[in-house]
Amino acid sequence: MRVETPQPIVVLDFGSQYTQLIARRIREMQVYATIVPCQIAFDELVRMNPQALILSGGPASVYDPSSPHCDERIFKLDVPILGICYGLQLMSAKLGGRVEPASRREYGFAQLEFDSGSDLLAGFKSPLRVWNSHGDHVAEVPSGFHVTGRTENAVSVIENPQSKMYAVEFHPEVRHTEQGKEILRRFVADICGIKPNWFPLAFIDESVERIRSQVGDGLVLCALSGGVDSAVAATLVGRAVGDRLTCVFVDNGVLRKGEFERVTAVLRDKMHLKVCAVDASERFLARLTGVTDPERKRKIIGEEFIRVFEEEASKLGDVKYLVQGTLYPDVIESISVKGPAATIKSHHNVGGLPADLRFRLIEPLRELFKDEVRAVGRELGLDEDIVNRQPFPGPGLAVRIIGAVTGERLRMLRDADAIVLEEVRRAGLYTRLWQTFAVLLPISSVGVMGDARTYASTIAVRAVESEDGMTADWARLPDELVERISTRVVNEVKGINRVVLDITSKPPGTIEWE
């Protein structure tokens, strides 16, 4: 993997929920892909020197005056272009075709029938089961294009091999599409002729050199959480600047049970980092008193983190740089910089930073997905316990307590969460699951315990499987595991009399509740 490559594949984002998956699938081929807003200035796009362009899907209709568009000059760049869903419709409309509302919309699975002479689908056997999500269709293809694939209701594949332009109405980037990744590989490797250029060792070497160039002889502070992201970021920066790096691990009052002591020991004894452990729990909890809005929680915690780091930095001298383990999904979900998609939630590393931040940020993992970070961590020699740690949100248990954060509610959630993790580990499922945790709901209900009436709180158990956190399926936990968790939580955690299981995937839900 490399952060900077002379010629990336550039994905223009038109607002699809699947845009990130396009880049993700291409990176799985060890080819660098990056996402940019569809409205990117043409000159800026040219400076990126792309090897190919991919036009993403999107929820709009191309004939709507307010729909997102791109500079039409991209079609004259003489690089291969692949349009997906809205990208097919946009390509058709811009190049002289016609798009109109479909009499029968296609959402979900469809059967794709395609010609044996298709360039894009050469080597595949018709038909293929594909995933659609569109209400418009191409009624007339542009001059020079020919239709090579159809579903029952719509033109589904159009091609202009002479101009190196291809487009599909379905979504090859989603797992639901049969051989979808191989279709993308056909475009990337065979049609574009792009060879692998995205490797852990190259990423490490380039990151270290770039950090050295950025920092010079300056002092650096690293915000550590104990998770794989900040651990890899710290290790990379440590390689670049040596003992001029000081790591700060803050107890913000909303860590898991025993987390502060356990993580501090790991950072010092296993990772051999210079760690300053700061117990700032009281000041964080004081600022969170009475706060129920999740965005306010995130912003308060993000701002307070920075204030703690500033105070610690003042003890060390003239510290100008702050390292964070921000990842690509954090950026995508926090800020609508990748196209017209709406912000889902602010991330503590991104949307929660104060405007008067005095540090210059170093975010070496900003363009990586989680599994790419884990691959880099292994290449750096990090302990597998650190590499395989499940993600934990920067705002911690504050966003797993729905409503106000109090000492008593923290106690209940910590105790319940510890039971969930213990039982999942005992079942041998911890590394198989993307995340597993408990959520404290603002719901009390009637129960019966020891022949007495109770009126107590409710815990939701959340367990999901995912590759990168951008999409996730709820995990089908064994019944006996769910029973053990429920029984132990109700019996052992005072104040809880009901346990429910969250069976929502992402989308439509997010992994965290707040």
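1. C85 is buried, with a relative accessible area of 3%; buried means under 20% relative accessible area, exposed over 50% and partly exposed in between, with a 1.4 Å probe and protein chains only. This is a predicted model, in which local features need pLDDT of at least 70 and side-chain atom pairs count only at pLDDT 80 or more, while totals for chains, interfaces and linings use all residues. Residues are numbered from 1 along each chain as its sequence is written, and side-chain values use heavy atoms, with hydrogens and water left out.

2. The structure holds zero disulfides, a disulfide being a pair of cysteine sulfur atoms within 2.5 Å. For C85, the nearest cysteine sulfur belongs to C38 and is 14 Å away. C276 is in no disulfide either, and the nearest cysteine sulfur, that of C247, is 10 Å away. C276 is partly exposed, with a relative accessible area of 26%.

3. An open sheet is formed by five strands in the order β12-β11-β10-β13-β14, with parallel pairing. Two strands pair if DSSP finds at least two bridges between them; helices (H or I, at least four residues) and strands (E, at least two) are DSSP runs, numbered from the N terminus. At the edges stand β12 (275–279) and β14 (360–362), each with a single partner strand, so one side of each has no neighbour in the sheet. On average, neighbouring strands of this sheet are turned by 30 degrees against each other, direction ignored. Axes are lines fitted to C-alpha atoms, for helices over the stretch in contact, and angles run from 0 to 180 degrees between N-to-C directions.

4. Strand β10 (residues 219–224) is joined to β11 (residues 245–251) by five bridges, and A223 has V248 in β11 as its bridge partner. Four bridges join β10 to β13, where L219 stands opposite V319. Between β13 and β14 there are three bridges; Y321 is partnered by R360 in β14.

5. Four of the five residues of β13 are buried, so this strand is largely enclosed by the rest of the structure. Helix α6 (residues 228–241) lies across β10, β11, β13 (319–323) and β14, and runs at about 165 degrees to β10.

6. R374 sits in helix α11 (residues 370–379). R374 is buried yet has no salt bridge, and the nearest side chain of opposite charge, D229, is 7.0 Å away. A salt bridge is a side-chain nitrogen of Lys or Arg within 4 Å of a carboxyl oxygen of Asp or Glu; Lys and Arg count as positive and Asp and Glu as negative, with His and the chain ends not counted. Not counting residues up to four places away in sequence, R374 touches residues including V228, R389 and W434, contact meaning heavy atoms within 4.5 Å.
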